[in-house]
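Reader: I would like to learn how to read strand pairing in a model. Please take me through one case.

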Amino acid sequence: MLGPELVEFIESPVMILFATRDEAGRPMIGRGSGVRVDRQSGNLHFLASRSQWPRAVGEALVGRPIATTYVRATDYKACQIKGRVVEAGPADEAHRARGVAYVAEQLARMMALGVTRMQLSSTLSDQELVCLTIAPQAI
């Protein structure tokens, strides 16, 4: 479903957002801390901080819908991928390392654009990372 150009884009240093919803349909939003595409299955391995976004992560349950949005800060090129959560759990060591690197890179890029670290502290986190495996359904 995801072509090479799209995979390259979402794995590049883009801002990442995600949205889930509770059983009543109330939306929960959060900011992602990195993503990688599994080249064999086509699933996304999406990282998010449970401590930073507890409600949004808490509603990312297996079988539930999820929307992920990727935005390049320099020109606002964006795409959204909707899918279903097929697995959710604590990030392993490799995913945690990827999340730490993503957050550090985003801090540097956004600060270069004039956003302060204080402003970013409420949106970017590599603490208590979870890995959501998402099966894409629509782009």
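Author: What follows goes through the strands, their pairing and a helix beside them. Keep in mind that this model is predicted.

Reader: In what order do the strands close into a barrel?

Author: To read a barrel, follow the pairing from strand to strand. Here 6 strands close up in the order S1-S2-S3-S6-S5-S4, with antiparallel pairing. From one strand to the next, the twist averages 45 degrees.

Reader: Which strands does helix H3 touch?

Author: Helix H3, residues 93-112, packs on the sheet and touches S1 (15-21), S2 (27-37), S3 (44-49) and S6. The direction of H3 makes about 105 degrees with that of S2.

Reader: How many bridges join S5 to S6?

Author: Pairing is read from bridges, and then from which residues stand opposite each other. Strand S5 (residues 78-90) and strand S6 (residues 129-138) run antiparallel and are joined by 8 bridges. Within this pair, Gly-83 stands opposite Pro-136 in S6, and Arg-84 stands opposite Ala-135.

Reader: How many residues lie between S4 and S5 in their hairpin?

Author: For a hairpin, look at the turn as well as the strands. There are 6 residues between S4 and S5, and Tyr-76 in the turn has a positive phi of about 65 degrees.

How values were computed: Residues numbered from 1 in each chain as written. Predicted model: local features only at pLDDT ≥ 70, side-chain atom pairs only at ≥ 80, totals over all residues. Heavy atoms only, no water. Pairing = 2+ DSSP bridges. Helix = DSSP H or I, 4+ residues; strand = E, 2+ residues; numbered from the N terminus. Axes fitted to C-alpha atoms, helices over the stretch in contact; angles between N-to-C directions. Contact = heavy atoms within 4.5 Å.
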